[in-house]
Amino acid sequence: METKFWDLKKDPHRAIEEAAALIRAGEVVAFPTETVYGLGADGLNGTAVAKVFAAKGRPADNPLILHVSAKEQIRNLTTGLSANAQALIDTFWPGPLTVVVPKAPCVPDETSAGLDTVAVRMPSHPVANAFIAACGCPVAAPSANISGKPSPTNAADVAEDMTGKIAGILDGGSCGIGVESTVVDTTSPVPTILRPGGITREMLESLLGAVEIDPALSGNPAVRPKAPGMKYRHYAPKAPLYIYEGPESAMRLVQAVERAARQGIRTGVLCDDRTEKELQALLGRTGCVAILSWGADKADLAETLYTQLRKFDRFSPSVILGMGVSETGLGLAVMNRMRKAAGFNILLARDGQVTIRSGSGFPDYMLG
């Protein structure tokens with residue numbers, strides 16, 4: 001399949017109209033949102049939605065999110081909105097928030113994975129909003145990557161995964177938030193966060209009061225996740241990733257990287273600016289260690305996480321060591337993504353020691 005590429009800096013109106021025509025014809029087009037790039041198809045056309053699953057290699061039992069361009073459009077997709085759902089829509093739409101609601105008969109099983117609920121959101125990205133409006137239908141769109149790989153936050157990464165598999169790619173530049181939307185189940189009396197994202201737990205609690213978190217986010221394999229993208233190992237680079245968490249994570253990460261470098265192990269490192277500078281001063285320039293900084297704070301980490309994970313694939317390390325952050329604010333979302341990328345291989349660094357929090361197969365130099 002030939003994949004058409006539109007640069008929105010040149011003729012955005014024409015590009016959006018051409019891309020929307022492909023959606024109406026039952027094809028798949030990638031487009032930018034404020035979170036990550038989406039892989040869009042007519043969400044009410046089961047045959048078109050099946051093409052999304054085929055392009056991604058995504059299991060068909062993993063539901064998709066329907067994207068709309070106006071708040072009132074959700075009423076055509078659901079049998080009813082709870083007071084909590086309406087409050088969330090009124091407060092956070094357009095924006096990086098997805099609400100799970102009872103689905104209307106018009107939503108095909110291909111979109112909802114056979115569930116009696118549907119996930120809906122209204123993006124705030126101007127290109128996404130204009131594109132969905134031009135399509136004239138709700139657009140089903142997971143992240144525009146091969147299933148399991150890091151989500152794309154720029155058109156080049158979409159092209160790397162999807163060229164020859166979909167009809168087109170709308171290049172709208174880099175995404176601002178960098179992690180997928182927050183997903184909240186509004187069908188139970190107490191709203192439940194099924195996937196953390198740019199709308200934080202604290203923001204939700206300030207509006208709704210009590211908010212629960214899906215137990216599946218802990219990584220317990222016995223608990224089945226309910227949210228799109230949460231059921232399977234996801235966001236993962238090719239090399240095994242291990243995460244240091246806890247108050248001494250930076251110190252223990254530096255020590256492990258130094259030991260790995262002495263052994264000549266080709267190592268990727270994901271850390272903040274301060275730790276990167278410390279490692280650069282300690283190691284100097286060495287070809288066996290690639291140190292990538294996410295920046296200074298959690299917002300920087302959210303924006304750059306997937307891009308950095310993809311960069312490691314190009315460096316081809318034997319192992320990647322990452323540094324965790326606290327779970328307050330955006331930390332809940334970024335740590336959810338990092339832990340899934342690591343397959344929940346997590347080390348806890350505190351009280352002068354390193355212990356295995358979860359996972360297995362840790363080399364000795366990580367535990368010393």
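Visitor: Where does Asp-351 lie?

Guide: In this predicted model, Asp-351 sits in the loop between β16 (346-350) and β17 (353-358).

Visitor: And what makes Asp-351 count as buried or exposed?

Guide: Exposed means over 50% relative accessible area. Asp-351 has 65% relative accessibility, so it counts as exposed.

Visitor: What is the phi of Asp-351 like?

Guide: Positive, about 55°, although Asp-351 is not a glycine. Most residues other than glycine have a negative phi.

Visitor: Where is Ser-316, and what is its phi?

Guide: Ser-316 is in the loop between α10 (298-315) and β15. Its phi is near 55°, again a positive value in a residue other than glycine.

Visitor: Why is Ser-316 called partly exposed?

Guide: That label covers what falls between buried, under 20%, and exposed, over 50%. Ser-316 has a relative accessible area of 46%, so partly exposed it is.

Visitor: What makes the bond between Trp-93 and Pro-94 worth a stop?

Guide: It's a cis peptide bond, with omega about -5°. Most peptide bonds are trans. You'll find Pro-94 in the loop between α3 (83-92) and β5 (97-102).

Visitor: How do you know that the buried residues of α9 line one face of the helix?

Guide: Start with who they are: in α9 (residues 273-283), the buried ones are Thr-275, Leu-279 and Leu-283. Looking down the axis of α9, they fall within an arc of 50°, so they line one face. The general rule is that an α-helix has 3.6 residues a turn, so residues three or four places apart point the same way.

Visitor: What do those buried residues pack against?

Guide: They pack against α8 (249-262), β13 (267-271), β14 (289-293) and β15 (319-323). The face turned away from the buried side of α9 carries exposed residues: Arg-274, Lys-277 and Ala-281.

Notes
Residues numbered from 1 in each chain as written. Predicted model: local features only at pLDDT ≥ 70, side-chain atom pairs only at ≥ 80, totals over all residues. Heavy atoms only, no water. Buried < 20%, exposed > 50% of the residue type's maximum accessible area, 1.4 Å probe, protein only. Helix = DSSP H or I, 4+ residues; strand = E, 2+ residues; numbered from the N terminus. Arc of directions from axis to C-beta. Contact = heavy atoms within 4.5 Å.
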